[in-house]
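Hi,

Here is the structure I promised to pass on. Have a look at it first, and then read on for what turned up.

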Amino acid sequence: MNEKSAISINSVDKVFNEAREDEVIALSNIDLDIKEGEFVSLIGPSGCGKSTLLRLIGDLLEPTKGSVEVFGKSAHQARVDQDYGMVFQHAGLFDWRRVSANIELPLELHGWSKADRSTRSQEMLDLVKLPDFGSYYPRQLSGGMQQRVSIARALSFKPKLLLMDEPFGALDEMTREHMQIELLRIWEETGTTVVFVTHSIPESAFLSNRVVVLSPRPGQVHSVIDVDLGKRSESTRQDSNFFAAATEIREALRAVEEQE
Amino acid sequence: MNIVKLKSRVSIIWPPLVIGIGILALWEGAVVLFEIQEFLLPKPSSIWTELQNNWEILRHASWETGKMALGGLAIGIVAGVTFAFFATLFRFLNEGLTPLAVAVNATPIVALAPIFNAWFGVTGSVSNQLVVATVVFFPVFINTAKGLTEVHVNEIELMRSYAAGDWTILKEVRIPNALPFFANALRVVAPLSVIAAIVAEYFGGPQDRVGYVITSNAGLARYDVAWAAIAVASAFGLSLFVGALLIERVSTPWKSAVQLEETTKK
């Protein structure tokens, strides 16, 4: 990890339906800096604006006030430059494309040649440990496998920033833990910056370098918790440092609840 | 895989075939056994005889009616799909048009046939084709518009994160997403077009059409000939339905791949 800034969020407000009766202040006065190669989780009760914050970073929404800079340029420019890979809870694979064609979709849109595309999609399938599933249709795969394809697709064009919105939220506990290990391995191999939205305390503690705890109505940064578990493996889940980090996050979330 | 495919096809075909033949046999037996009079319910065998005796008339009539059905089908599909695209482009149009289309679709459109005859003339083919087209239009429009607009929000966000514009999203996401919806509509409207064409012919028009053959023979108490005409029309409707199924198979291969897997798993 180096010290170069990947994301810089400065005094950002996000208001939906501004100046209307159903006006909602989703985020208020958010300041956050994320360094290149960092793995940062956003956690908080529902309605705290964590998904909104992710979409502001990804230029899927525009801030009402303040600025979002990604790799020293506007979020919009970063999106146009294809710096983003996105993964959602809904795997969002296209039924009509075979698995390899799904992974190749962003490459197609970015104008890669057919040969380069198929080489790359095979590399990605190997990376997510589905080397033989390229010719399947997404619906023929289990939920966990679909989510792995979705990650492969997001990483296929080597985006500098991976934005993940509860990507493992729909998976069963065991699959979820396997996927976390996979994600960490991929993160180490690729050196991508990751912003990860979750509402699972152990998940955020296990994966992140830093956990940003948000409080709702309006969404604000309550606290930022540093986590240092070194290189993680399955045994890290029994580690006292892991429990300590989870406890710290839990206490921050309790404090958020009491605020209300 | 191919053997599995073949097996599953055979196992799909034989039960309705056996039951269909069984019903025909029961029908034949019941008419003979209970001495039902031919004008009330002719035997399948006498319908078959009349079918052969009147083959030339029936063949010609189903050809003429078929032209009405297919012509109307084509007009209705083109119009339905075109409107669906417009409804997708303009949200206001979609919000206004779709509920209206659903309401109109629930009304008996074929009842308009005599009015269409008055507008467009009873002798030409325009009136009847327009009746068919109107019947076809609404299901095609409603379903296609649904397929074009009901795309998961994450899928749109994903495309936008790749810096894809509206046109690319339409081409890569909305249109393929709408294909199964369209295929569904096609399966409904293909046989419906034959029904609409025949019912429209009940209200007048040229005499070499299936609708006229049915009404005129029923009027003369030649019910076996009327039944033969109905049988020909059914066969025609069925073949259009099978055609729609084939189009569905070819245009949405991902659906049949998944379905096949599900049937073989059972």
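Below are the conventions, followed by the findings for each chain and for the contact between the chains.

This is a predicted model, in which local features need pLDDT of at least 70, side-chain atom pairs count only at pLDDT 80 or more, and totals for chains, interfaces and linings use all residues. Residues are numbered from 1 along each chain as its sequence is written, while chains are lettered from A and ligands numbered from 1 in the order in which they are written.

**Chain A overall**

Of the 260 residues in chain A, 44% count as buried. Here a residue is buried if 20 or more other C-beta atoms lie within 10 Å of its own, exposed if 12 or fewer do, and partly exposed in between, with C-beta atoms placed from the backbone. Taking contacts in chain A between residues at least 6 apart in sequence, 69% join residues at least 24 apart; a contact means that the C-beta atoms of two residues, placed from the backbone, lie within 7 Å.

**A sheet in chain A**

One open sheet of chain A has four strands in the order 2-1-4-5, with antiparallel pairing. Two strands pair if DSSP finds at least two bridges between them. At the edges are strand 2 (24-35) and strand 5 of chain A, each pairing on one side only. Strand 1 (residues 5-16) and strand 4 (residues 65-70) of chain A are joined in the antiparallel sense by five bridges, and Ser8(A) has Glu69(A) in strand 4 as its bridge partner. Glu69(A) is in turn bridged to Ser74(A) in strand 5. Strand 4 and strand 5 (residues 73-74) of chain A share two antiparallel bridges, and Val70(A) is partnered by Lys73(A). The hairpin of these strands has two residues between them, and there Phe71(A) takes a positive phi near 50 degrees.

**Domains of chain A**

The domain assignment of chain A gives domain 1 (5-83 + 160-259) and domain 2 (90-158); such bounds come from an automatic or database assignment. Taken over C-alpha atoms, the domain centres are 25 Å apart. Their contact takes 11 residues from domain 1 and nine residues from domain 2 of chain A. On the domain 1 side, helix 6 (residues 173-190) of chain A gives the most, with five residues.

**Where the chains meet**

The contact between the chains takes 18 residues from chain A and 17 residues from chain B. On the chain A side, helix 2 (75-80), strand 6 (84-88) and helix 3 (99-109) each supply at least two residues. Strand 6 of chain A gives the most, with three residues.

**Chain B**

Chain B has 11 helices and zero strands. Its C-alpha atoms fill a box of roughly 75 × 55 × 30 Å along the principal axes, and buried residues make up 36% of its 266 residues. For contacts in chain B between residues at least 6 apart in sequence, 77% join residues at least 24 apart.

In helix 9 (residues 210-219) of chain B, the buried residues are Val210(B), Gly211(B), Tyr212(B), Val213(B), Ile214(B) and Asn217(B). These pack against helix 3 (55-89), helix 8 (166-202) and helix 10 (223-251) of chain B. Just after helix 9, Ala221(B) takes a positive phi of about 60 degrees.

Helix 8 of chain B is also the place of Ala196(B). Ala196(B) counts as buried because it has 27 C-beta neighbours inside 10 Å. Leaving out residues up to four places away in sequence, Ala196(B) touches Gly72(B), Val110(B), Val131(B), Val132(B) and Val135(B).
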